[in-house]
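The sequence and model are shown first.

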Amino acid sequence: MWLGVDVGSVSVDTVLINDKIEVFKSAYLLTAGMPIEAIKEGLRKSRDSVPVLGVGTTGSGRELAAVLTNADIVKNEITAHAIAAAHFVPDVRTVIEIGGQDSKIIILKDGIPVDFAMNTVCAAGTGSFLDHQAQRLGIPIEKFGQLALQSKSPARIAGRCTVFAESDMIHKQQLGYGIEDIIAGLCKSLVRNYLVNVAKGKPILPPIVFQGGVASNEGIRKALEEELGMKVFVPTYNKLMGAIGAAMLAKKVMKDKRKTSFRGFDICDMEFNTQSFICEDCPNTCEIVKISSNGKVLATWGSRCGKWDLSK
Amino acid sequence: MVYYHSIMKIGIPRAGLYYQFFPLWDTFFKELGFEVVYSPPTNASLLKKGLEYAHSDICFPMKVNFGHVYWLKDKVDVLFVPRFISLEEKKYMCPKFMGLPDMLKASISNLPPLLDVNFNIRKKPFIRSWIEVGKRLRVSANKVKKALVKAEISQKSYQWNNLNGGDGLKIGIVARPYIIYDKYVSAELIDRLKEKGMNILTADNLIPEIINKEIAILKKPIYFDFGEKNVGTALHFLNSGEVDGFLYLISFECGPDSLLKEIIDDRARTSDIPYTTLVLDEHTEIAGILTRVEAFLDMIEYKSKTKFNL
Ligand code: SF4
Ligand code: SF4
């Protein structure tokens, strides 16, 4: 079995895959600002007695996950997502990934990524936009998709940024629009935002794979299909694609390596301490984070110059 | 009246066109016998001052520039902040450069006198601008001319050497000089890539003929200084395959580059040279930049193998 860990800004996903890239065990957890606890919990849930032959980590917190697990490979989330998508849909041309706070587009040709883009500064095209609005409307996010599908005439909601979308939505509510029309409108506005901000200028060709947490939302999927005029395919493990990609990469590197460096599932019960301090050695005054366990420093990061980095 | 006191200190902000012309400027002022004081390479606390004093809606490199001026202001007798209007025939600098001296005077109090001489090749040759600089410093035109000859030699003979030797990947980087060569602004990109054994190629490593050849086939001339240089370099990278891939670094609020990017993107659609734009600003997280750079390097690697052989 190969273990993949994807640590994003909103969630931690862990997955165990077998030789045939079938998902054997998995977990999806909200980070809730405590990534270390979330990683440990995720591993606890995918813990198994079968031997782990390799570990890969990905996502914006991939370095942290790599330190905790002592991973065999650390890979950026763009490559990890592309690899997983190309496995499930070998002729995929476009990967649309919308997650909690990040979204990306990856263009593939003959099974390899040839172009990509990630959202830069704006959250309007990501899942947090929906979460925020769902909360405001008092509707559980899980019901969002179903409700959106019931709409006959979606409200037009300006979606250039979350602030505008919100005031526009309040206005539409006051005009008496039904809640399903407003929600469908929000889905459309998220999709338009994504297409304008993230996918801007990229050739979107079929087959299109739509993955990431937001792909579970049927309202968004429908809005995306309408906007593109094309079918999009949502893989079964849409939320886990990053972690699956990381596990696949671990499987690949272990071809040339005999033994995994994985610390073992015992890390679920280990205590990890993080400490931070400000380095005053130059005017950059970097905030350095130190991770240790049992009095042993496992990693430090945060310096601009690299002086506190431990050699791995 | 002439006072024979200590040597006059000229402050040069390590920002903006310093990154293109430092060999010339340094030699020029030193030849004339002045002491030159530079602000340190950009760092977080210097940038913080820049953010405090610059208008919030100007571009990141200009905010950096403000930070450097702030750092120097109480340490020198005059500040060299010319008004760059046009550096090439039929071209204009970005309006932010034209307005820089005024913006500084309006935002930062207690500035020393600024050497805010116009550099505008559309109106007068540079030599006349330098003579004016000399005049403000009470130096004769003759001395200025002599110093300038030496300064130009320094500039021409400066080696923009980013190659590692070795047979590592060749990566092109296209960006304005104050983005690419300012290590803080560019998240030490050149150093990071060189550490991995890669060779870096920038516009400064290409001979002008190569760039001009690419520009000649454009439908419309580009009116921005550095515009042709950057677009020409990018097109050369896309057309020649001299590099394994290239990165285009731009500042988030940069008007000129957002236009020029369209020309590059358009050509890139029909080229199979991997290319990615990195957008930088004061909120940029280094981690986010590195994620993109890694994915870009993966793209190059996979291209040479085709198909994830998993
Ligand atoms: S870690 Fe390095 S860059 Fe950061 S403050 Fe210390 S010496 Fe400066
Ligand atoms: S060209 Fe762009 S980056 Fe340079 S000063 Fe103008 S706006 Fe700023």
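Where in chain A is the place of Asn294(A)? Asn294(A) is found in the loop between β11 and β12 of chain A, where helices (H or I, at least four residues) and strands (E, at least two) are DSSP runs, numbered from the N terminus. The model is a predicted one, in which local features need pLDDT of at least 70, side-chain atom pairs count only at pLDDT 80 or more, and totals for chains, interfaces and linings use all residues; side-chain values use heavy atoms, with hydrogens and water left out. Residues are numbered from 1 along each chain as its sequence is written, while chains are lettered from A and ligands numbered from 1 in the order in which they are written.

**Backbone features of chain A**

Although Asn294(A) is not a glycine, its phi is positive, at about 50°. The hairpin of β11(A) and β12(A) has two residues between the strands, and Asn294(A) takes its positive phi there. The peptide bond from Pro206(A) to Pro207(A) is cis, with omega near -10°. Pro207(A) belongs to the loop between α7 (179-198) and β9 (208-211) of chain A. As background, most residues other than glycine have a negative phi, and most peptide bonds are trans.

**Sheets of chain A**

Strands β10, β11 and β12 of chain A form, in the order β10-β11-β12, an open sheet of three strands with antiparallel pairing; two strands pair if DSSP finds at least two bridges between them. β10 (273-278) and β12 (296-301) of chain A are the edge strands, each with a single partner strand, so one side of each is left without a neighbour in the sheet. From one strand to the next, the twist averages 25°; axes are lines fitted to C-alpha atoms, for helices over the stretch in contact, and angles run from 0 to 180 degrees between N-to-C directions. Helix α2(A) packs on this sheet and touches β11 and β12 of chain A, its direction making about 165° with that of β12(A); contact means heavy atoms within 4.5 Å.

A further open sheet in chain A has five strands in the order β3-β2-β1-β4-β5, with mixed pairing. Its edges are β3 (23-30) and β5 (73-74) of chain A, each having a single partner strand, so one side of each lacks a neighbour in the sheet. Helix α2 (residues 62-69) of chain A packs on this sheet too, touching β1, β4 (54-58) and β5 of chain A, and its direction makes about 155° with that of β4(A).

| Strand pair | Sense | Bridges |
|---|---|---|
| β1 (residues 2-7) and β2 (residues 11-17), chain A | antiparallel | six |
| β10(A) and β11(A) | antiparallel | six |
| β11 (residues 287-293) of chain A and β12(A) | antiparallel | five |
| β1 (residues 9-12) and β2 (residues 35-38), chain B | parallel | four |

Val5(A) stands opposite Thr14(A) in β2(A). Ile278(A) has Glu287(A) in β11(A) as its bridge partner. Across from Ser292(A) is Val297(A) in β12(A), and Lys290(A) stands opposite Thr300(A) in β12(A). In chain B, the bridge partner of Ile12(B) is Tyr38(B) in β2(B).

**Chain B and its domains**

β1(B), helix α1 (residues 18-31) of chain B and β2(B) make a right-handed β-α-β unit; a crossover is right-handed if, with the strands pointing away from the viewer, the path from the first strand over the helix to the second runs clockwise. Chain B is divided into domain 1 (9-157) and domain 2 (170-309), with bounds that come from an automatic or database domain assignment. The C-alpha centres of these two domains of chain B lie 27 Å apart. Between them, 26 residues of domain 1 of chain B are in contact with 21 residues of domain 2 of chain B.

**Ligand surroundings**

Ligand 2 is surrounded by residues of chain B, among them Cys59(B), Cys94(B), Lys96(B), Arg176(B) and Cys254(B); a residue is near a molecule or strand if one of its heavy atoms lies within 4 Å of it. Helices α3 (60-72) and α4 (95-107) of chain B are the elements that give two or more residues to this shell. Both domain 1 and domain 2 of chain B give residues to the shell, so ligand 2 lies between them. By class, the shell around ligand 2 has eight nonpolar, no polar and two charged residues. Here Ala, Val, Leu, Ile, Met, Phe, Trp, Tyr, Cys and Pro count as nonpolar, Asp, Glu, Lys and Arg as charged, and the others, Gly among them, as polar.

The residues around ligand 1 include Cys279(A), Cys282(A), Cys286(A), Cys305(A) and Trp308(A). The shell around ligand 1 divides into six nonpolar, three polar and three charged residues.
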